[in-house]
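Reader: I have a structure to go through with you. Could we start with the charged pairs and then turn to the ligand?

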Amino acid sequence: MTRKRVVAGNWKLNLGPEEGIGLVQELLPLLTDEAKCDVVICPPYLTLSDAGKALQGSQIELGAQNVHWAESGAFTGEVGPSMLLTIGCRWVILGHSERRQLFGETDEGVNQRLSASLAAGLKPIVCIGETLEERDAGRVEDVVLGQLDRSLAGLTSQQATATTVAYEPVWAIGTGRTATPEQAEEVHAMIRNRLTATFGEDTAHQMRVQYGGSVKPDNAAELFGQENIDGGLIGGASLDAESFAAIVHAR
Ligand code: PGA
């Protein structure tokens, strides 16, 4: 069995509703038959609804960049899992390094968001990855597997299968400095081994582990060609329709 690739575009804090619809309209003719790959775009909350309407009838799915663990209540500024589903949003990114570094999110919080997302039926993408200092100190395994264990704690095998992991070395995000395919594969294999130890071989074999960090049309094929890399989480290059489509089509 080969795992179906998943390529997701993380628009971050870019593109309001009108601009977002514009990008979707550029993407639609470029991504007409993606049966071999799940394609997801993750606009900011404000743009989700309009982007979702523009995507209707296409094979591109909609994702959010975060979600709160509670469905409703006194949580100023937050959005709950079922709210996302009501506007056709099926995916959600959790624990992105920008959330962790700039907004104080922890593995425990990511785990709560993950449980709530799975309970609601969202398809989560859980991000993990080391900083440059941690890599230079020889702590990649310790950091990445620690984040993985704590973020995915308590999942059943079925829940794990529904979860995508994104390995994103922090030093490669938005820097133009991507991990080499060998560097990335080394960590992906480590992640797969840990998933096997935690959830068993069948589940680990089905789980998709994306790479993220300066993925571009010219390096995507080589990265995605690695045994344990099942697609990518794309930041900057997802804001340009042709670049994103070229990454989706990378073979
Ligand atoms: P980048 O971002 O592709 O711009 O490096 C990746 C990400 O943050 O998910």
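Reader: Which residue forms a salt bridge with Lys 123?
Author: This is a predicted model. In it, Glu 61 pairs with Lys 123, and their closest N and O atoms are 3.5 Å apart.

Reader: Is Glu 61 buried, partly exposed or exposed?
Author: Glu 61 counts as partly exposed, at 22% relative accessibility. Lys 123 is partly exposed as well, with a relative accessible area of 29%.

Reader: How many salt bridges are there by this rule?
Author: The count comes to 13. Among them is the pair of Arg 135 and Glu 130, with the closest N and O atoms 2.8 Å apart. Glu 130 is buried, its relative accessible area being 0%.

Reader: Which residues are linked to Asp 230 in a network of salt bridges?
Author: Arg 3 and Arg 192 are linked with Asp 230 in that network.

Reader: Now the ligand. Which residues come nearest?
Author: Of the 13 residues around the ligand, the nearest are Lys 12, His 96, Glu 168, Gly 174 and Ser 214. An N or O atom in the side chain of Lys 12 is 2.7 Å from a ligand oxygen atom.

Reader: And which side chain meets Lys 12 in a salt bridge?
Author: That is Glu 98, at 2.9 Å from N to O. Glu 98 is in helix α4 (residues 97-103), while Lys 12 is in the loop between β1 (5-10) and α1 (17-27).

Terms used
Residues are numbered from 1 along each chain as its sequence is written. This is a predicted model: local features need pLDDT of at least 70, side-chain atom pairs count only at pLDDT 80 or more; totals for chains, interfaces and linings use all residues. Side-chain values use heavy atoms; hydrogens and water are left out. A residue is near a molecule or strand if one of its heavy atoms lies within 4 Å of it. A polar contact is a pair of N or O atoms within 3.5 Å; within protein, one must be able to donate a hydrogen and the other to accept it, and residues adjacent in sequence count only if both atoms are side-chain atoms. A salt bridge is a side-chain nitrogen of Lys or Arg within 4 Å of a carboxyl oxygen of Asp or Glu. Helices (H or I, at least four residues) and strands (E, at least two) are DSSP runs, numbered from the N terminus. Buried means under 20% relative accessible area, exposed over 50%, partly exposed in between (1.4 Å probe, protein chains only).
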